[in-house]
Amino acid sequence: MKLVCAQSQLSTNLSLVSRAVASRPSHPVLANVLLVADEETQQIKLSAFDLSLGIQTSFPAAVEVGGKLTLPARLLTDIVSRLPESDLTLDASSGSEDEPTYVTTITCANGHYQVRGMSAEDFPELPVVEDGEVVQLPAIALIEGLRSSLFSASPDEAKQMLTGVHLTMNDTGLEFAATDGHRLAVVETLNAETDEKPAKSAKKKATDEPNELDVTIPAKALQELIKMLDRQADSSVIVRFDRGQAVFEWTDQRLTTRLLEGQYPNYRQLVPKQFAHQATVDRRQFLSALERIAVLADQKNNIAKLTLSNSKETLALSVDAPDVGSGEETIPAQITGEDLIIAFNVKYLLDGLKTLNTSEIQMQFNTSTSPAIFTPLGGLKLTYLVMPVQVRS
């Protein structure tokens, strides 16, 4: 194999696929990236796969001799990223049949480096979905939905089903949901108010129900998907899925991921339909006050109290940290309903306020121990549910 490519392109694409390289590989070849040089298409294809998450990308190069092999991901990325921005020549020798070496020489303007790889035959193929469902989505809808829901997924691997985001799609649009058991974020995009609907596959079976996306995808894979799609937000993404895998494809890139197995919680029944209390506040004022109050909350139990005063039209935020200190701030608010005192984990409130990216937000409550709902006024259709914390008054 012999080819010439731009250092910047090789470095950028190595950084992309390296995110799917196993940190503790069960087999040495999983610590490598697969490099395939195609003489006919004049393209280089890079792949990495940790047996759960797979990333594949391709870019143009001057391929003199086609071929494929695997090279150590971290070493190759570290070398290439430090080389000057110029054309690089990669020349791979597999040695003899009796003693294969798979040594690749990387030549730049100022010198050359040699890296020893492994045979491509040992590298597992990335999963494909041949008989599953297919939908086509705008990349911007995926990015918005994932960014506004991922933060609520659980980091606890013991709650495996909650470590992902649940994606559903029907005739009304695309819905993202994530919960860790204490909070829930539900985002709706491509609904009836938008101009674009997701495209469905025309391939159907006679016994099929209407084609719907209904899968739970690991958060790690979706975080990588956002990073990749950010570069091509105007793209259209084809999603193929079956009971075990989801494959996202667009332009010259591809991401594959296993699906989380099991029944995702029926989160829709958790959202109250009616409320006894409501408050509308300026998001920036609320966020700034909460960040200051959080300094004291972090010293004790990470809990802050919210006090709604109808007569004063104010929302008071307070923290009482025995042996450390206390603090209180008051901001104006439009209040409906009786006065209410309710407490929350500060982190949950901060995460939500940073995501509800509009000038004003609405908060809805029933009692001091029942779920509270935070929504942005205008912008993305997002429902953020947070369970309050019981505290002694």
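In strand β22, T330 is the bridge partner of A316. That bridge belongs to the pairing of β21 (residues 314–321) with β22, which is antiparallel and runs over eight bridges. Two strands count as paired here if DSSP finds at least two bridges between them. Helices (H or I, at least four residues) and strands (E, at least two) are DSSP runs, numbered from the N terminus.

Before we go on, a word on the model. It is a predicted one, where local features need pLDDT of at least 70 and side-chain atom pairs count only at pLDDT 80 or more, while totals for chains, interfaces and linings use all residues. Residues are numbered from 1 along each chain as its sequence is written, and side-chain values use heavy atoms, with hydrogens and water left out.

Back to our strands. Which sheet do β21 and β22 belong to? They sit in an open sheet of four strands, ordered β22-β21-β20-β24, with antiparallel pairing. As a reminder, strands of a sheet pair through backbone hydrogen bonds, either parallel or antiparallel. At the edges we find β22 (325–332) and β24 (340–345), each pairing on one side only. From one strand to the next, the twist averages 20°.

Now, what packs on this sheet? Helix α5 does, touching β20 (303–309), β21 and β22, and its direction makes about 175° with that of β22. For angles like this, axes are lines fitted to C-alpha atoms, for helices over the stretch in contact, and the angles run from 0 to 180 degrees between N-to-C directions. Contact means heavy atoms within 4.5 Å. Helix α6 (residues 346–355) lies across β20 and β24, running at about 90° to β24.

These two helices also meet each other. α5 and α6 pack at an angle of about 155°, and their axes are 10 Å apart. They are therefore roughly antiparallel to each other; the cut-offs are under 35 degrees for roughly parallel, over 145 for roughly antiparallel, 65 to 115 for roughly perpendicular, and oblique for the rest. The crossing of α5 past α6 is left-handed, meaning that the near helix is turned anticlockwise from the far one by less than a right angle; clockwise would be right-handed. On the α5 side the contact has R283, F286, L287, L290, E291, A294 and A297, and these meet V346, L349, L350, L353 and K354 in α6. Sorted by class, that is nine nonpolar, no polar and three charged residues. Here Ala, Val, Leu, Ile, Met, Phe, Trp, Tyr, Cys and Pro count as nonpolar, Asp, Glu, Lys and Arg as charged, and the others, Gly among them, as polar.

Next, the other sheet. α5 (residues 283–297) lies across β19 and β25 (360–365) too, at about 90° to β19. Those strands are part of an open sheet of nine, in the order β15-β11-β12-β13-β27-β26-β25-β19-β23, with antiparallel pairing. Why is one side of β15 and of β23 left without a neighbour? β15 (213–218) and β23 (334–336) stand at the edges with a single partner strand each, so one side of each has no neighbour in the sheet. Neighbouring strands are turned by 15° against each other on average, direction ignored. At the β23 end, β19 (residues 277–282) and β23 pair in the antiparallel sense over three bridges, and Q278 has T336 of β23 as its bridge partner.

Helix α3 lies across β11 (164–170), β12 (173–179) and β13 (183–189), running at about 25° to β12. α3 (residues 139–147) also packs with α4 (residues 219–229), at about 135° with axes 10 Å apart. These two are therefore oblique to each other. The residues in contact are A139, L142, I143, L146 and R147 of α3 and L222, L225, I226 and L229 of α4. That makes eight nonpolar, no polar and one charged residues.

Compare α1 (residues 7–17) and α2 (residues 73–82), which pack at about 145° with axes 9 Å apart. Their contact has four nonpolar, five polar and no charged residues.

Last, the aromatic rings. How many aromatic pairs does a search of the whole structure find? Six. Rings of Phe, Tyr and Trp (its six-membered ring) pair if their centres lie within 6.5 Å; planes under 30 degrees apart are stacked, over 60 edge-to-face, the rest tilted. F344 and F374 have ring centres 5.9 Å apart and planes at 75°, so this pair is edge-to-face. It links distant parts of the chain, with F344 in β24 and F374 in β26 (residues 372–376), 30 residues apart.
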